[in-house]
Each structure stands twice: as C-alpha cells, then as structure tokens.
Amino acid sequence: MCDQLRWDYLSCAGHPDLHTPNIDALAKRGVRFDRAYVQSTICGPSRMSFYTGRYVSSHGSTWNNVPLKVGEMTLGDHLRPLGVRTALCGKTHMAADVEGMKRLGLAPDSQIGALVSECGFEPYERDDGLHPNSNYGKRNKNYDDYMKERGWEDENPWDSVANSGEDDDGNILSGWFLDNSDIAARAPDEDSETPYITRRAMDFIRESGDSPWCLHLSYIKPHWPYIVPAPYHDMYPPETHLPVVRSEAEREDPHPVFGAFMEERVSKAFTNETTRTKVIGAYMGLIKQIDDQMGELMKFLDAQGLTDSTMIVFTSDHGDYLGDHWLGEKELFHDPSSRIPLIVVDPSKEADPTRGTVSTSLVEAIDVVPTILDYFDGAQVGHIIEGRSLLPLLHGERETIKDFVISEYDYSFRQARRRLGVDVADAKLTMLFDGRWKYIFSEGFRPMLFDLDADPDELNDLGGNPDYASECRRLEDLLFQWSRRTSQRTTMSDAQIEARGVDLSEAKAGVVIGFATEEEFRTALAASGSEQKE
C-alpha cells in the first residue's frame, strides 16, 4: 500500500511520462482493477476500512486518530486462527482505543493488548511516517538508529535528513514547505524511507521461512512532505506533468462544501503554478522510487522461490488532488481523491484466464480483506465483513460483484466546517457511484451530482439542476437502501439466527410462551414430532 498515490500516476493506467515498469509487470501478472474506490478519502478511516473490510459508518473510526474501537475484527484476527502470521512494515495510522482497553482490563503490553493496539498486525516495524520536531506521533527508533549508524548525527534524521534538502551554503531547507519540493533530499536514495522499509519487509519474509504469512508493506510516500532524494528529484520537468483539471466555472457558484474546501490553505497553495510544478515533479519522483523498490522486492521474491506462491495486492489508501478542481490534499470525492490503483496478482492456476487483464468492475477497498481470507480458504463471515472477495473476478467466474460503491467523509475536524457554520454532528458527506452517476449526499445542503459518461473530468455539478432531480432521487433511494443494512450485529451470523429460528424451539427447550393450556402445548409438540418425555 502506498500513501496518497493517485490511480492515474502509473504508466499501466495511462500516464504518458511516468514509467512504472515494475508495477506494470504486476498488472501483467494479475488483474488491474480500473474502477476501485476507497471507503474514505483520508488516511485513518480509509485504512481502517482496508483492515476491517467494513464501511466507515460501521467501524466508527471516522477521521485520523479517531480510535478503532475495541472489538472490531481486523485482517489479523481473521487470519491468525488459520495459522497465518500477519505483520506490518510501515504505516497504519491506527489509533488504539485506550479507554476501551482500560475498561476491559487489557494491558497495552500484553499479547492481546499489543494486537488490539496495532490494528491486529504484529508490528514488525511500524512507522506512521510523520515525525516533526514535536511530540506529534511516535518516532521510529529503528530508523533513527539506522541513520545514526550511517553517520547522521541529527537528533531527528527523519525531519532534517530524509525530508529536508540543503542549499549551496549548507542551510537546511525543510521539505514541509512546498516550494522546497524540487530540492534533493539530504538523504541518499538507499537511506530514505522507501528503500529502508522495503529492506525491512525483506527481513520479515526471510525470517518467516516456510510458515504462512501475510505482510502489510505500507509505504509512507508519495504522501507529503513532497521531497525525494537524487536522482529522482529532477527526473520530471514540467513538460512531463499532466495538465491540471479544473475550470473557472467550478468557482463561479460551487456547492457550499466544495467552495469551503477551495478556501483551505493547501488548496490555495496549489493554485500557484510555480508551487504546483515543484510538487508534482517531486511527487512523480517519489512514485518512480517506489516502482524501483518494487523491482527490488520482486527480484528478492524470485530469489527466495516465492513468486509463484505469493498473492500480491498493490494499492493506495486514497489519491491526491494536486491542484485539480482548485483543491489540494484529498478528502472530497472527485476521482483524483477517491479512486485508487488496485492490482491483484493471484498465483493460482484458477487465475490464469484473467492474467494481464483490466477489470472495469466496480470494487472497493473493503474487498481486500475477504479476498485475502478467501485465498487462505477462510470462511466468508458476511455478518462482519462487508466487502466481497475478488476471487470470482480474478478466476473469471463473474464480471461484476456489486452495483455501486460507497465512500464516506467526516469533515468535522476541518476549518471548512467552521466556515460553513455546520455542527460537528452534521459535517458528513456520503458518495454513491454506480459506474456512471456519482452522487454525494451532503447533510444540510443540496446534493452534488456528476455524470461521468458525459463529464469524465467531473467539472459540471448537476446536483442543483432541476432537470436531474429524478436522477438524484433514484440515487438517494439507493443510498437509503444501503444505509438500512445490518452492520452492527457482528456477534451472530444470519445462518446462526436461521438455525435458532425453528418453530417451537423455545418451547422444546422448556420456555413456554403463548399457550393457554397444557393440552394445547402438548398437542403442538406432538404435531411437530417433539412430544416431551415425562
């Protein structure tokens, strides 16, 4: 999993100048899902959906650092009973439910407490990727120690070496500032975050031996700070950049929430073409570095004899606007933000018919958990996992598995909410996309609506146009149908309920309800062939 990698910044997805041969090679060995969408357009809740196989409104972690509540089952919880070691190298952005653990008496340093605190993963090396010179987040001591061994004496080498550059006079220029994005990071390529965490993944695989394992290799980049080591920092001059996708009409009378996000500081920064150009050059360089490291990882799997027995899922937690639609960051639901790359390589013979193909089936991030569980022959627990296994698509048994996808966003933490005067409880957006129409329900405001057949760049919001009122009602009905799903009854399956619902089951157990006389009771039992013995 990459962080903040757009769906269209790979050569296999059509980028004309950013060549990613190693990721493309994965697509040739598996299936590239061209219409994959996240369940939230920000790191934390999106990842919690990836890890639980559940929608954001089901697992409840609605924004970064909102704890995933104790009791939510994750991929590791499903795989451990199957004897599969489930580990992490890199980022999760998971916040532990400390209060819930305390209430239940779970010590954070106990075996179960550690797993609950780490989203069900064994933290082989956790690095959530943002380590400024403050008490924000938890520094990766292993990386600090590694950099010191490499001769860097900086107190915080993540900040001042891996994510900072240097001018001709030796002044350190922080990668936090967007206009420094075109400077080479002080760290050489091999010491920067992407190669480092790739090597740690190799360490895990090597140490695991022949035991079954599932590794979440979670790259921190191309997420900001947008800065990359040489030679990647100047590989992509402006003529290699995709043109910005935006129109003046979008700013004339925007949906109130859309307009409020245009006013965010990061959005305004990306309207400056000099700044945007510097950032995109670094962003492309960071992706190229990831692709090169994917090549190193694949060579390692070949050398270990694991290539033909390992399922590989390549994806991202969300995209990046990069100035499209007058926005920076992610968070709203245009394709640059909500649509992600998803490539699945299934080494089994059953997947041979689809190898090297592109699927246009609508799929979601929550489909990854049931796919991996299915690969290990685990039971499909539909009362817990809301995603659907991709194996029927990978094996050519089906062409589609769902009629629409859902993404949710809680913008209560953003200044946009305060500008709009919206209460915390009402700062909610929900997107439903059926393959043509993208409908966004916005609490307290009119909906947004885009026709991606006629308007693939999503420049024309039809949500306020009365000519499309019937289309909005149809999609709102679909959203209402989805919202009525049973998502919180995770402790008992439908099959278990069906088995318990046999007529007179309570009466047969001695709990007699609704009979006026004993004679009526015995007659009913006799009719069912279950006359109780004296």
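**Conventions.** I am working from a predicted model, in which local features need pLDDT of at least 70 and side-chain atom pairs count only at pLDDT 80 or more, while totals for chains, interfaces and linings use all residues. I number residues from 1 along each chain as its sequence is written, and side-chain values use heavy atoms, with hydrogens and water left out. Helices (H or I, at least four residues) and strands (E, at least two) are DSSP runs, numbered from the N terminus.

**Parallel sheet.** I looked up the strand order of the open sheet of 3 strands and noted β3-β2-β6, with parallel pairing; two strands pair if DSSP finds at least two bridges between them. Strands β3 (122-126) and β6 (213-218) stand at the edges with a single partner strand each, so one side of each has no neighbour in the sheet. Neighbouring strands here are turned by 15° against each other on average, direction ignored, where angles run from 0 to 180 degrees between N-to-C directions and axes are lines fitted to C-alpha atoms, for helices over the stretch in contact. Strand β2 (residues 85-90) is joined to β6 by 6 bridges, and I noted Cys214 in β6 as the bridge partner of Thr86.

**Antiparallel sheet.** I then followed an open sheet of 4 strands, in the order β11-β12-β13-β14, with antiparallel pairing. Its edges are β11 (405-410) and β14 (448-451), each with a single partner strand, so one side of each is left without a neighbour in the sheet. From one strand to the next the twist averages 10°. Between β11 and β12 (residues 428-433) I found 6 bridges in the antiparallel sense, and Asp410 stands opposite Lys428 in β12. Helix α18 (residues 469-483) packs on this sheet and touches β11, β12, β13 (437-442) and β14, its direction making about 70° with that of β13; contact means heavy atoms within 4.5 Å.

**Helix pair.** At what angle do α9 and α13 pack? I noted about 20° for α9 (residues 193-208) and α13 (residues 273-304), with their axes 10 Å apart. The two are therefore roughly parallel to each other, a label for angles under 35 degrees, with over 145 counting as roughly antiparallel, 65 to 115 as roughly perpendicular and the rest as oblique. On the α9 side the contact includes Thr198, Met202 and Ile205, and on the α13 side it includes Gln293, Leu297 and Phe300.

**Covered helix.** In α15 (residues 368-375), 6 of the 8 residues are buried, namely Val368, Val369, Pro370, Thr371, Ile372 and Leu373; buried means under 20% relative accessible area, exposed over 50%, and partly exposed in between (1.4 Å probe, protein chains only). Just after α15, Asp377 takes a positive phi of about 60°.

**Backbone exceptions.** Most residues other than glycine have a negative phi, and most peptide bonds are trans. Against that background I listed a cis peptide bond between Lys221 and Pro222, with omega about 10°, and another cis bond from Ala230 to Pro231, with omega near 5°. Pro222 lies in the loop between β6 and α10 (249-252), and Pro231 is found in the loop between β6 and α10. Trp326 has phi near 65° and counts as buried at 9% relative accessibility. Glu329 has a positive phi of about 65° and, at 10% relative accessibility, counts as buried.
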